[in-house]
Amino acid sequence: MQRFTLPRDLFHGKGSLEALKTLKGKKAMICVGGGSMKRFGFLDRAEQYLKEAGMEVEIFSGIESDPSVETVMKGADAMLKFEPDWIVAIGGGSPIDAAKAMWIKYEYPDCTFEDMCKVFGIPELRRKAKFVAVSSTSGTATEVTAFSIITDYAKGIKYPIADFEITPDIAIVDPELAETMPKKLVAHTGMDALTHAVEAYVSTANCDYTDPLAIHAIEMIRDNLVNSYNEDMTARDAMHNAQCLAGMAFSNALLGIVHSMAHKTGAIFADYGAHIIHGAANAMYLPKVIAFNAKDETAKKRYGVIVDYLGLGGKDDDEKVANLIAFCRDLNDKLNIPHCIKNYGADSYPCEQGFVPEEVFLERLPEIAKNAIGDACTGSNPRQPSQEEMEKLLKCCYYDTEVDF
Ligand SMILES: NC(=O)c1ccc[n+]([C@@H]2O[C@H](COP(=O)([O-])OP(=O)(O)OC[C@H]3O[C@@H](n4cnc5c(N)ncnc54)[C@H](O)[C@@H]3O)[C@@H](O)[C@H]2O)c1
Ligand SMILES: [Zn+2]
């Protein structure tokens with residue numbers, strides 16, 4: 001038996017933020033990030049709409065990018081004091097993910113972070129509150145997914161919380177919110193969305209319900225991502241839908257080792273001054289993982305199907321896989337994203353020597369590989385890597401060398 005779960009309601013199109021006016025309840029807590037939603041007026045509008053719905057509103061703000069366990073615990077405390085019956089998370093993947101984890105702790109105050117990380121082990125929610133997610137970036141699709149990614153900074157590791165219990169009740173996909181994104185954010189979140197769709201399509205948990213969502217998302221991303229990056233707002237609006245479709249696919253088909261590696265490399269070099277931003281990590285690792293997974297016959301055929309839909313050509317599946325890899329690399333170039341960690345600057349742009357020193361990478365490699373194998377996303381990857389293979393693959397991601405194993 002397989003399960004396919006999405007939010008009960010999804011409001012999309014310009015102006016759909018107004019759907020907040022239709023909520024029925026007494027108290028809403030808005031969870032928001034560092035200031036972009038306030039700066040562009042969306043926070044005030046959301047607050048106003050909730051008040052029009054007759055609700056008392058409190059705001060929990062300042063949720064940082066790649067949110068920490070500590071922030072989750074602080075937000076849960078605020079919820080326990082205010083006792084909302086609606087949690088309204090607005091912003092990028094970070095504040096929405098943090099709010100999902102706060103929600104668990106609010107409903108079950110004794111639940112520890114370790115408890116939350118047990119895959120598909122969250123107890124029944126909605127005894128105290130329902131959840132609305134309003135996304136302002138076009139990538140994570142956390143407004144429709146069963147995931148939340150929280151970083152344990154003591155360990156330098158991102159942990160995915162995974163359970164359909166945290167799939168929001170209502171998703172609002174209003175493209176107006178995405179129009180204020182700076183170009184770099186468009187690039188990173190867009191490549192995150194592409195990775196979601198490609199990994200979902202070849203995942204061992206793919207099915208007839210997720211395939212069309214993944215394929216349509218990939219086609220829309222091909223048509224719109226670069227134009228969106230170049231400030232074409234019609235393309236920007238289309239990307240907001242495309243990333244959401246990709247999210248519907250991967251929330252139900254799960255992901256693969258591009259994400260396992262991104263989760264385990266994102267914060268591990270923070271002591272050298274920067275993060276490897278999630279979408280940029282995916283963009284660098286995706287071509288390598290396609291080459292690695294294509295050694296699996298079923299995965300190779302499915303990459304071939306993607307290539308046929310995209311019209312990228314190729315006389316057999318081997319050529320098609322090579323064309324898909326070239327397509328992804330070309331996107332990186334057009335979006336100013338490096339091809340490997342060695343060339344990843346602290347500002348995320350390509351450079352000769354990035355912020356992760358070679359010797360530090362090599363010293364931490366066995367641990368990173370072990371953690372990536374243990375990541376929740378590895379189980380649904382079409383090929384299960386050994387410790388040795390994962391280390392080799394990560395080296396290819398550091399040096400941009402060919403994956404021939
Ligand atoms: N839950 C999931 O299914 C899932 C999937 C993929 C990634 N993630 C996680 O999501 C996080 C990344 O989320 P993200 O990429 O959406 O970025 P983010 O939420 O971290 O935001 C990045 C920056 O962009 C700003 N910003 C957000 N929206 C803006 C807008 N419309 N205009 C101007 N500035 C804006 C924010 O203030 C912030 O400074 C990571 O922690 C990643 O691991 C979660
Ligand atoms: Zn992702």
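Gly 92, Gly 93, Ser 94, Thr 137 and Phe 147 come nearest to ligand 1, out of the 29 residues around the ligand. Here "around" goes by the C-beta atom, placed from the backbone, which must lie within 6 Å of the ligand. Keep in mind that this is a predicted model, where local features need pLDDT of at least 70 and side-chain atom pairs count only at pLDDT 80 or more, while totals for chains, interfaces and linings use all residues. Residues are numbered from 1 along each chain as its sequence is written, and chains are lettered from A and ligands numbered from 1 in the order in which they are written.

Let's look at the shell around ligand 1. At least two of its residues come from each of α4 (93-107), β6 (147-152), α6 (175-178), α7 (183-202) and α11 (278-293). These helices (H or I, at least four residues) and strands (E, at least two) are DSSP runs, numbered from the N terminus. By class, the shell holds six nonpolar, 19 polar and four charged residues. Nonpolar means Ala, Val, Leu, Ile, Met, Phe, Trp, Tyr, Cys and Pro; charged means Asp, Glu, Lys and Arg; the others, Gly among them, are polar.

The chain is divided into domain 1 (9-178) and domain 2 (183-399), with bounds from an automatic or database domain assignment.

The C-alpha centres of the two domains are 26 Å apart. Their contact takes 24 residues from domain 1 and 29 residues from domain 2, where two residues are in contact if their C-beta atoms, placed from the backbone, lie within 7 Å. On the side of domain 1 that touches domain 2, β6, β7 and α6 give two or more residues. The largest share of that side, four residues, comes from β7. That side has twelve nonpolar, nine polar and three charged residues.

**Helices that pack together**

Now to the helices. α7 packs against helix α9 (residues 233-253) at an angle of about 40°, and their axes are 8 Å apart. The axes are lines fitted to C-alpha atoms, for helices over the stretch in contact, and angles run from 0 to 180 degrees between N-to-C directions. Among the residues making the contact are Gly 190 and Ala 193 of α7, and Ala 246 and Gly 247 of α9. The contact residues divide into nine nonpolar, five polar and one charged.

Helix α10 (residues 257-265) is mostly covered, as nine of its nine residues are buried. Met 261 is one of them. The cover includes β7 (157-162), α7, α11, α14 (358-374) and α15 (387-399).

**Two residues side by side**

A residue is buried if 20 or more other C-beta atoms lie within 10 Å of its own, exposed if 12 or fewer, and partly exposed in between; C-beta atoms are placed from the backbone.

Leaving aside neighbours within four places in sequence, Ile 373 is in contact with Thr 378, Pro 385, Gln 387 and Met 390. Ile 373 and Met 261 are 112 residues apart in sequence, yet 8.3 Å apart in space, C-alpha to C-alpha. Met 191, not counting residues up to four places away, touches Gly 279, Asn 282, Ala 283, Leu 331, Leu 335 and Ile 337.
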